[in-house]
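Student: I'm opening this one for the first time. Can we go through it together?
Tutor: Gladly; ask whatever comes to mind.
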Amino acid sequence: MQAIMETLFDVVYLLSVITLGLKMARNSGDNKEYKLFGWMAILLGAGDAFHLVPRSYALLTTGLEANATALGFGKLVTSITMTIFYVILYHIWRQRYNIEGYKNLTLSIYVLAVVRIVLCLFPQNDWLNYYAPVSWGVYRNIPFAIMGIIIICIFYSEAKKYNDNNFKFMWLAIVLSFAFYIPVVIWATEIRWIGTLMIPKTLAYVWIVIMGYKSATHMASGKFNI
C-alpha cells in the first residue's frame, strides 16, 4: 500500500510542478521574473524525477536497498539541481523587487552553490552505497543550509517592506522545506519512518511553485493563459 500511495503522490507532484513550470515559461512573454520561475519549476520536477522514479520502481519491485545504485545517482542529480533551484530563486528575488547592486551577496550565493556542488562530487559521499556516510550528508548540506538562510531572510525582508501579499509566505515555505529535509539527512537511514518527512518537504516546494504561478496570473493582466 505504501508503495502504491507514494508512487501516486510522486506522479501527481512531478506532473504538477512541470506543467505549471511549462505554463509560466511559455506564457511569460518579456517578464523575466516569471520566465525564471517557470524554468525553476521545470528544473525542480526534472531533477526530482531522477530520484523519485527509481524510488517508485524500487518500492514496487525489489526494494530500496536492492536499487541503491539508481537511487544514489538520483540523489546526486537532485542535490545539484536543488542547488541551482535556489540560485534561480535568488535571481527571482532580484527581479521581483528591482534589486540593484549587492555584488557581495550575489558572490556569496554563487560561492556557496559552487562549494555545495563540489562537495556533492567528492567520492567520499559514496552515493551508490545505500548506507552512505551520514557525515558527508552533513558536510555537503552546510553551504546549502546557509544559502537557504540567506534566501529566507531576503524574501522575508522585501515581502514585508513592500507588503507583497503574493509572496508574504515565501520565506515560510523555504523554512518548512529545510525543517523537514534536515532530519532526513541525519536520521533517515537508521530510522526509516523519518523518510516520510520528504512528503511535507515536497509539498513546501509545491507551495513555492504555486505562489509563483498565482503571482504570474495576477500580474499578467490577461496576457497569461491559465
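Student: Where in the protein chain is confidence lowest, and where is it highest?
Tutor: This is a predicted model, and in the protein chain the confidence is lowest in H7, at a mean of 90, and highest in helix H4, which covers residues 103–121, at 97. The protein chain averages a pLDDT of 91, and 96% of the residues score at least 70.
Student: And over residues 222–226, what's the pLDDT?
Tutor: Over residues 222–226 the pLDDT is below 50, although this stretch has eleven contacts in the model beyond near neighbours in sequence. Where pLDDT is low, the predicted coordinates should not be read in detail.
Student: New topic: what volume does the largest pocket have?
Tutor: The largest pocket has a volume of about 1,200 Å³, and of the 47 residues that line this pocket, the closest to its centre are His 51, Lys 75, Val 184, Ala 188 and Met 198.
Student: Which helix gives the most to that lining?
Tutor: H3 does, with seven residues, while the elements that give two or more residues also include H1, H2, H5, H6 and H7.
Student: How do the lining residues divide by type?
Tutor: In the lining of the largest pocket, 23 residues are nonpolar, 14 are polar and ten are charged.
Student: At what angle do H5 and H6 pack?
Tutor: H5 and H6 pack at an angle of about 170°, with their axes 10 Å apart, which means that H5 is roughly antiparallel to H6.
Student: Which residues meet there?
Tutor: Among them are Phe 144 and Ile 151 in H5, and Trp 171 and Phe 178 in H6; the residues of this contact divide into 16 nonpolar, three polar and no charged.

Terms used. Residues are numbered from 1 along each chain as its sequence is written. This is a predicted model: local features need pLDDT of at least 70, side-chain atom pairs count only at pLDDT 80 or more; totals for chains, interfaces and linings use all residues. Side-chain values use heavy atoms; hydrogens and water are left out. On a 1 Å grid over the protein atoms alone, a cavity is a set of points where a 1.4 Å probe fits but cannot get out, and a pocket is an open set with protein on both sides within 12 Å along at least five of seven lines; lining residues have an atom within 4 Å of a point. Grid points are joined across faces, edges and corners, and a volume is the space filled by probe spheres set on the points. Helices (H or I, at least four residues) and strands (E, at least two) are DSSP runs, numbered from the N terminus. Ala, Val, Leu, Ile, Met, Phe, Trp, Tyr, Cys and Pro count as nonpolar, Asp, Glu, Lys and Arg as charged, and the others, Gly among them, as polar. Axes are lines fitted to C-alpha atoms, for helices over the stretch in contact, and angles run from 0 to 180 degrees between N-to-C directions. Angles under 35 degrees count as roughly parallel, over 145 as roughly antiparallel, 65 to 115 as roughly perpendicular and the rest as oblique. Contact means heavy atoms within 4.5 Å. pLDDT is the predictor's confidence in each residue, from 0 to 100.
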